[in-house]
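I opened this notebook to record what I looked up in one structure.

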Amino acid sequence: PGRHGDVAGARARLGKRADVPQRREAGVHLGHDDARVGPPHTLTMQPACAVTSVCISSCGNFGFLGGESGRIDKFNLQSGQRRGGTQPSESHSGAVRGLAADALARALYSGGHDGTLRTFSPADLIRTRTVEVGAPLAFLRHQKDSTLLAAACDDLCVRVFDMVVGKLVRRLTGYTNTLTDAAWSADGRWL
């Protein structure tokens with residue numbers, strides 16, 4: 001996954017093409033490898049803003065878009081219909097830079113330019129927790145078989161959080177250039 005979330009994983013699970021624009025556009029384009037399935041969809045934020053992060057639920061039915069405005073919107077990937085969004089009072093005060101969904105569909109994690117890590121209920125996008133990270137986030141990586149979440153930050157530090165309690169458990173420093181990607185090992189022991 002690059003800076004836009006698990007697009008390749010979505011393609012493998014759904015047989016769809018999910019193209020996130022490389023320049024600032026206000027939509028994500030979904031296409032199908034099979035023309036018999038139906039027309040392609042363009043998912044757009046409401047109100048319209050540039051999409052800065054994407055995530056697909058573990059079941060593959062829903063997509064979440066994080067925007068430059070700090071909002072998160074939820075879409076049904078088969079119909080392309082918008083199914084909800086965060087309230088302005090629960091949104092980030094800057095761009096959403098990372099989204100990650102847990103494997104059991106009990107939590108959606110978001111990281112923002114405002115330096116906060118937020119947990120939402122994926123069903124209704126109600127915020128359940130906010131953690132102050134201390135620096136603007138660049139991206140998030142969630143270890144699907146555990147409660148660990150890695151947050152790469154603009155201060156060239158990777159912070160690992162246990163999201164059950166919302167506490168920092170590791171701080172990885174020593175990087176000298178912009179962090180562009182990270183990945184968990186299959187067993188969750190290595191980042």
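**Entry 1: Lys74**

I looked up Lys74 and found it buried, with a relative accessible area of 9%; buried means under 20% relative accessible area, exposed over 50%, and partly exposed in between, with a 1.4 Å probe and protein chains only. I note that this is a predicted model, in which local features need pLDDT of at least 70 and side-chain atom pairs count only at pLDDT 80 or more, while totals for chains, interfaces and linings use all residues. Residues are numbered from 1 along each chain as its sequence is written, and side-chain values use heavy atoms, with hydrogens and water left out.

Lys74 belongs to strand E6; strands (E, at least two residues) and helices (H or I, at least four) are DSSP runs, numbered from the N terminus. I then listed its contacts (heavy atoms within 4.5 Å). Leaving aside residues up to four places away in sequence, Lys74 touches Phe62, Gly63, Phe64, Gln81, Arg82, Arg83, Gly84, Pro122, Ala123 and Leu125. I also took one C-alpha separation: Lys74 and Ile56, 18 residues apart along the chain, are 9.5 Å apart.

Over which ring does the charged end of Lys74 sit? I found it over the ring of Phe62, 4.4 Å from the ring centre. The criterion requires NZ of Lys or CZ of Arg within 6 Å of the ring centre and within 35 degrees of the ring normal.

**Entry 2: the sheet E4 to E7**

I traced an open sheet of four strands in the order E4-E5-E6-E7, with antiparallel pairing; two strands pair if DSSP finds at least two bridges between them. Its edge strands are E4 (51-56) and E7 (82-85), each of which pairs on one side only. The twist averages 20° from one strand to the next, with axes as lines fitted to C-alpha atoms and angles running from 0 to 180 degrees between N-to-C directions.

Within this sheet I checked E5 (residues 62-67) against E6 (residues 72-76): they run antiparallel and are joined by five bridges. Gly63 has Phe75 in E6 as its bridge partner.

How many residues of strand E13 are buried? I counted five of its six residues (148-153), so the strand is mostly covered.

E12 (residues 137-142) pairs with E13 in the antiparallel sense over five bridges, and His142 stands opposite Leu149 in E13. The two strands form a hairpin with five residues between them.

E13 also pairs with E14 (residues 158-162), antiparallel over five bridges, and Ala150 has Val160 in E14 as its bridge partner. Four residues lie between the strands of this hairpin, and Leu156 in the turn has a positive phi of about 65°.

E14 is in turn joined to E15 (residues 167-172) by five bridges in an antiparallel run; there, Phe161 stands opposite Leu168 in E15. The hairpin of E14 and E15 has four residues between the strands, and Gly166 takes a positive phi near 70°.

**Entry 3: chain totals**

Of its 191 residues, 49% count as buried. The chain exposes about 9,500 Å², of which carbon and sulfur atoms supply 50%; the areas come from the Shrake-Rupley method with a 1.4 Å probe, and for residues only the protein chains shown count as cover. Among contacts between residues at least 6 apart in sequence, 37% join residues at least 24 apart.
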